Structures are given as C-alpha cells and as structure tokens.
Amino acid sequence: MAATRVLLLLSGRAESPGFAHSVCRLLGAGPGLGPWSTHCGLKRGRLVLSDGPLPGASTRLPLQRSPFCPFAALEQQFGARAAELPTNRGVDLGVAVILQSSDQTVLLTRRTSTLSVSPNLWVPPGGHVELDEELLDGGLRELWEESGLQLPQGQFSWVPLGLWESAYPPRLSWGLPKYHHIILYLLVVSQESQQQLQARIQPNPSEVSAFMWLGPDVAAAVAATEDGTETPRHLPQELPPSVLAVELEEDGGTRPLALPMSTLLRTTPTTAEGKERVSTGTKFALRLWLQHLGR
C-alpha cells in the first residue's frame, strides 16, 4: 500500500482507513447529513483526523459527505459489493483553494470535457498533495498549475475551511467508486481585486475549459441547491438569468460566456452523464465560505 496520506486516531489508536471504508462513519458520523466537527491536524503531506482532541496544535473543522456517498451506501449493504473494491489502497488526500478577491468574489473553474474523472464540473482549483508537501503549498501549486495565478508572499491570508469525503463516481448507481479522497478546502484571501487577478489568469487548457467569479448572492443560490435533499432550500428571488464566465477557445484565446443560472443550479443526476454542473463538494465549500464572510 502507498504511503498513508489520511491517518485516523480512533480512541487514541492510529489507523489508516482502507479504500472501501467511510471515513465519516469511522469518525462517528451518524445517519444525518452532517457536517460533523472533527479534530484535525495539518501535517506535511498528510492529514490526521481524530475522534478526540489531538496532542499539540490542532483545529476543529467540519467534515461532510454527500447524502448519496457510495462508501456509506456500500456499508449499509453489508459488504456484498464492497468485496469488489481494492484492498491494497487507502484514502487519498486532496486540497482545493477557494480564492477570494479583495472585492469578495471567488474563483471557480470548469474541468475539461476530455478528463476521465469529473468532466465538465465547476470546482475550485485543486488536486493531489505531493508527499512531504505542506498543504497550503500544495493548494497554491495547484492554483498556479490550473489558473496560472501566483500569489505574492505577504499579499494574501489563508484559513482552512472544511473537509469533504469525496468519491468518484459520486453515486453507486453510476458504478463502484474508483477514487476515494478527503478534500481539504482552504480559503485564500488575496489583497488583489477580481479585475487584477483576472488580468493575470492563464488557464491550463488540458485541465480547464472555462472560469468564472461568483459573488455572495449567486454563491448562496448555488450552495442552496444541495444534492440529495428531499426539499430544496429557499432561493433568492432576484437571481440573474445567467452569470458571466470566460471560456477557452481552441486557438488559445478566450471569449465571454453567458452561463445559464439553471446550469449552476443542477444537482447530481442518478445516472452517469457528463452534464455541466457545480460539484456537490464545491457547494459545501461555498456554504462554508459564506459562513466565514458572515462572521
């Protein structure tokens, strides 16, 4: 098995969760939707999660999974299909950056349609954390690799927002999961405005096909369309019919894109398809960002 990237401390005992195990459940999550407050230690290249206070410096972060998390669903099926999952892999670690401009908008990017994992999804810049890489450094590296943005030292602040248990495919009805991550969302607050940041964006066309900035009102509407809930949350009355985005062209240029609001409000379908939408984990991160703004 590869080096442990996510380590659990359960009643003081260290445990490396297997690929098929629900991390939320191992940490004591109940049947509700969460999130669950979790003791968290941010280590170099590794995340330590505990069901009790950690010795030394630690923080408490909200941990959540989707209502249709396939790992939770598999455990409820008493292991019948879980036996088909790999036994020589653990849970991987990812980091995603919620980049906030000085005028309080955040950056989302659309993954290209040619990617084998999560094509056409709107997400914040992010990806895998390298071994022995500080988690913030990993997030800033992914931000630079995907958007071309490098933030000057001393011109931004940051804070961890929360943790998301991620699976792909995201629903068991799509097929057995092939990827299992804990995603750490970091809020990075730049001293530059949206206009200043946008002037320096150079998206990586192999990963990004478009990008946009969301303000609090639209972000609140997107976050309210929580996937898997029985009743929709209250949506603001005065939503614009579309949001302005920037789309990459095949010749390397860009063009403005009027992205329909209905696209941003889509939820995860029950059958596998590549329709454009905002990921469930991103909606969770947007809710955390709005809570942080309201403090």
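These legends accompany several views of one predicted model.

**View 1. The whole chain and its overall dimensions.** Taken along the principal axes, the C-alpha atoms of the chain fill a box of roughly 50 × 45 × 40 Å. A compact globule of 295 residues would have a radius of gyration near 19 Å, and the chain has 19 Å, so the two agree. The secondary structure comes to seven helices and 15 strands.

**View 2. Contacts and cover within the chain.** Of the 295 residues, 52% count as buried; buried here means under 20% relative accessible area. Among contacts in the chain with a separation of 6 or more, 70% are accounted for by residues 24 or more positions apart.

**View 3. The surface and the charged side chains.** The chain has 24 positive and 28 negative side chains. The centres of these two sets lie 6 Å apart.

**View 4. Helix α7 from end to end.** Helix α7 covers residues 280–293, which makes 14 residues.

**View 5. The buried residues of helix α7.** Helix α7 is mostly covered, with 10 of its 14 residues buried. The buried residues are Thr-280, Gly-281, Thr-282, Lys-283, Phe-284, Ala-285, Leu-286, Arg-287, Leu-288 and Trp-289. Lys-283 and Arg-287 are among them. An α-helix has 3.6 residues a turn, so residues three or four places apart point the same way.

Conventions:
Residues numbered from 1 in each chain as written. Predicted model: local features only at pLDDT ≥ 70, side-chain atom pairs only at ≥ 80, totals over all residues. Heavy atoms only, no water. Helix = DSSP H or I, 4+ residues; strand = E, 2+ residues; numbered from the N terminus. Expected span 1.5 Å × (residues − 1). Buried < 20%, exposed > 50% of the residue type's maximum accessible area, 1.4 Å probe, protein only. Rg over C-alpha atoms; globule rule 2.2 N^0.38 Å. Contact = heavy atoms within 4.5 Å. Lys, Arg positive; Asp, Glu negative; His and termini not counted. Charge placed at Lys NZ, Arg CZ, Asp CG, Glu CD.
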